[in-house]
Amino acid sequence: MTDVAATDLNAEIARLRAEVEALRLRAEAAEAAADHDVLTPALNRRGFIAAVNRTMAYCQRYAAPAVLLYLDLDGFKGVNDRLGHAAGDAALVRVAELMLANLRESDAVGRLGGDEFGLLMLNAGVEEGRDKALRLATALETDGFIWQGERAQLGGSFGVRAYAGQPDAETWLAEADAAMWVRKKGRD
């Protein structure tokens, strides 16, 4: 092989390696985007269910506790109706940021749809979950939300359900959702 041919071959190999690396990075970014909510800094439902499944497997293997919190915002429709949908979107972002700021790095926050969020805490029991729900509810009510100089009250109803060998993530999530509705109806 001539020096020119070897140089051309090395250049082509380097170009192909760079192209493969660029494609790998794009694939990683696409995979990460597939698990994250398009509006908020939280996971989307798909990403959150994956986190719940990983947590359940960990709990089964190591007999570790975990707790799932289900949040439904109270009065969120009023924010949209009174201040507009852009304000509602900003309020959802604020709620996700508040939850992320008040949880451990090992915990997960997911936007499950509309104005509903899930919070997953590994190595935490039901009492820790209830305490976290109370503190987050207080923070929501205290901090509220300010849109273009106007304060909008935020609140939320939390359902708390400890991991107890549920057969799948959707069952555990449904149990936390049901606990939230019991709490929400009790407050009405």
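Which residues does L71 touch, not counting residues up to four places away in sequence?

**View 1. Contacts of L71.** In this predicted model, L71 touches V95, M99, D115, E116, F117, L119, L140, G156, S157 and F158. Contact means heavy atoms within 4.5 Å. Local features need pLDDT of at least 70, side-chain atom pairs count only at pLDDT 80 or more, and totals for chains, interfaces and linings use all residues. Residues are numbered from 1 along each chain as its sequence is written, and side-chain values use heavy atoms, without hydrogens and water.

**View 2. The largest nonpolar core.** This core holds 31 residues. L71, F117 and L119 have the most contacts inside it. A nonpolar core is a set of buried Ala, Val, Leu, Ile, Met, Phe, Trp, Tyr and Cys residues joined through side-chain atoms within 4.5 Å. Buried means under 20% relative accessible area (1.4 Å probe, protein chains only).

**View 3. Elements around the core.** Two or more residues each come from strand 1 (66–74), helix 3 (76–83), helix 4 (85–101), strand 3 (116–122), helix 5 (126–143) and strand 6 (155–162). Helix 4 gives the largest share, seven residues. Helices (H or I, at least four residues) and strands (E, at least two) are DSSP runs, numbered from the N terminus.

View 4. The chain has six helices and six strands. Their pattern along the sequence is α-α-β-α-α-β-β-α-β-β-β-α. Of the 188 residues, 41% count as buried.

Note on methods. Buried means under 20% relative accessible area, exposed over 50%, partly exposed in between (1.4 Å probe, protein chains only).
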